[in-house]
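Here's a quick tour of a protein model for someone new to reading structures. Have the picture open beside you as you go.

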Amino acid sequence: MNPVVLESSLPGILVRRGKVRDVYDLGDRLLLVSTDRISAFDWVLPTGIPDKGRVLNQIAAFWFDLLGEPNHLLTTDVNAMDLPAEADRHLLAGRSSLVRKTRVVPIECVVRGYLAGSGWKEYQKSGTVCGVKLRPGLVEGAALDEPIFTPATKAETGHDENISFERMADLVGRELAEELRRRSIAVFEKGASYAKARGILIADTKFEWGLVDDRLILIDEVLTPDSSRFWPADRYQPGRGQPSFDKQFVRDWLEATSWDKNSPPPPLPDDVVLNTRRRYLEAFERLTGKRFETQTGV
Ligand SMILES: Nc1ncnc2c1ncn2[C@@H]1O[C@H](COP(=O)(O)OP(=O)(O)OP(=O)(O)O)[C@@H](O)[C@H]1O
Ligand SMILES: [Mg+2]
């Protein structure tokens, strides 16, 4: 097991630290570094999950390769990245993606195959999810007849705001909005059916797209447990909340403490860390059919 990496550092070129990833500017390219940070209930926890960043980075790379959709990934090989001399290649290896910098379309392209989270809450009130009318009688966690596209705007702080398709068309233009919807649903269907055959239900996910010379390419992370809801298929039972494939141990443990979710969360105990780490590795191994190599060979 590798030591946990909570932060990477490349002096002078850091663009942003997200909840999980550190983003560096290399001119016409970006370096996306997935750390071992983990978030729950909208908080980044003080404890990391060893190898989580590597698993996430390698799951995204696996999908980019499999999906056959034009995308931003140039390489995950740190030796081929032409990094600044002072870069810590051992720390970055396996957890880094060099990508083409694009003009980001400022829409979170959410696709849902199941009724969960904010979608389930809205459906109970109004029979819709982000304005999309669904048939009556669906229970929590129900599989939708077909995946639906429920865009959101990217918020700098706080929560993304769900918007209607019409609002999205106003923001980015109808033609682009329709292409984003069509391609997002197609990528989701391909990925979700592949994952389902390997015992993982992808309940919903968020894609981001960027423009290069007016061509749309898939960017950011794709179909990872951080950008999606992964459910274990063998525990799926509509009519209740589903366990999370990756974060269930963390959530259960936090719920059992006295933490109020409004103040910095407590550190995780070792057994929760180890069980959670095992789940991430399992997600990788189920999806890719490969063993997760903890040694990166750099
Ligand atoms: N090819 C690309 N071109 C330009 N920007 C990109 C590209 N790929 C990803 N990005 C941007 O990089 C940023 C990734 O950082 P982000 O803050 O999402 O990290 P994160 O760890 O996922 O955090 P959070 O949980 O807060 O989303 C996003 O703003 C995303 O739009
Ligand atoms: Mg993000």
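Predicted model: local features only at pLDDT ≥ 70, side-chain atom pairs only at ≥ 80, totals over all residues.

Residues are numbered from 1 along each chain as its sequence is written, while chains are lettered from A and ligands numbered from 1 in the order in which they are written.

**Two domains**

- The protein splits into domain 1 (1-101) and domain 2 (103-235), with bounds that come from an automatic or database domain assignment.
- Their C-alpha centres sit 23 Å apart.
- Where they meet, 14 residues of domain 1 are in contact with 15 residues of domain 2; "in contact" says that the C-beta atoms, placed from the backbone, lie within 7 Å.
- Helices (H or I, at least four residues) and strands (E, at least two) are DSSP runs, numbered from the N terminus.
- That side of domain 1 has ten nonpolar, two polar and two charged residues. For these classes, Ala, Val, Leu, Ile, Met, Phe, Trp, Tyr, Cys and Pro count as nonpolar, Asp, Glu, Lys and Arg as charged, and the others, Gly among them, as polar.

**The sheet around β7**

- Five strands make an open sheet in the order β1-β2-β3-β7-β6, with antiparallel pairing; two strands pair if DSSP finds at least two bridges between them.
- The edge strands, β1 (14-17) and β6, each pair on one side only.
- From one strand to the next, the twist averages 30 degrees.
- β7 is joined to β3 (residues 29-34) by five bridges, and here Leu32 stands opposite Ser97.
- β7 also pairs with β6 (residues 73-75) over two bridges: Leu73 stands opposite Val99, and Thr75 has Leu98 as its bridge partner.
- Four of the five residues of β7 are buried. A residue is buried if 20 or more other C-beta atoms lie within 10 Å of its own, exposed if 12 or fewer, and partly exposed in between, with C-beta atoms placed from the backbone.
- α1 lies across β3, β6 and β7, at about 40 degrees to β7. Axes are lines fitted to C-alpha atoms, for helices over the stretch in contact, and angles run from 0 to 180 degrees between N-to-C directions.

**A helix pair**

- The axes of α6 (residues 248-256) and α7 (residues 270-288) come within 8 Å and cross at roughly 155 degrees.
- That angle makes α6 roughly antiparallel to α7 (under 35 degrees is roughly parallel, over 145 roughly antiparallel, 65 to 115 roughly perpendicular and the rest oblique).
- Phe249, Val250 and Trp253 of α6 and Val272, Asn275 and Thr276 of α7 make the contact, which has four nonpolar, two polar and no charged residues.

- Ala195 is in helix α5 (residues 174-196), and is buried because 22 C-beta neighbours lie inside 10 Å.
- Beyond its neighbours within four places in sequence, Ala195 touches Ile200, Ile202 and Leu287.
- Val139 is in the loop between β11 (132-133) and β12 (143-149), and counts as exposed because it has 12 other C-beta atoms within 10 Å.
- Leaving out neighbours within four places in sequence, Val139 is in contact with Pro238 and Gly239.

How values were computed: Contact = placed C-beta atoms within 7 Å.
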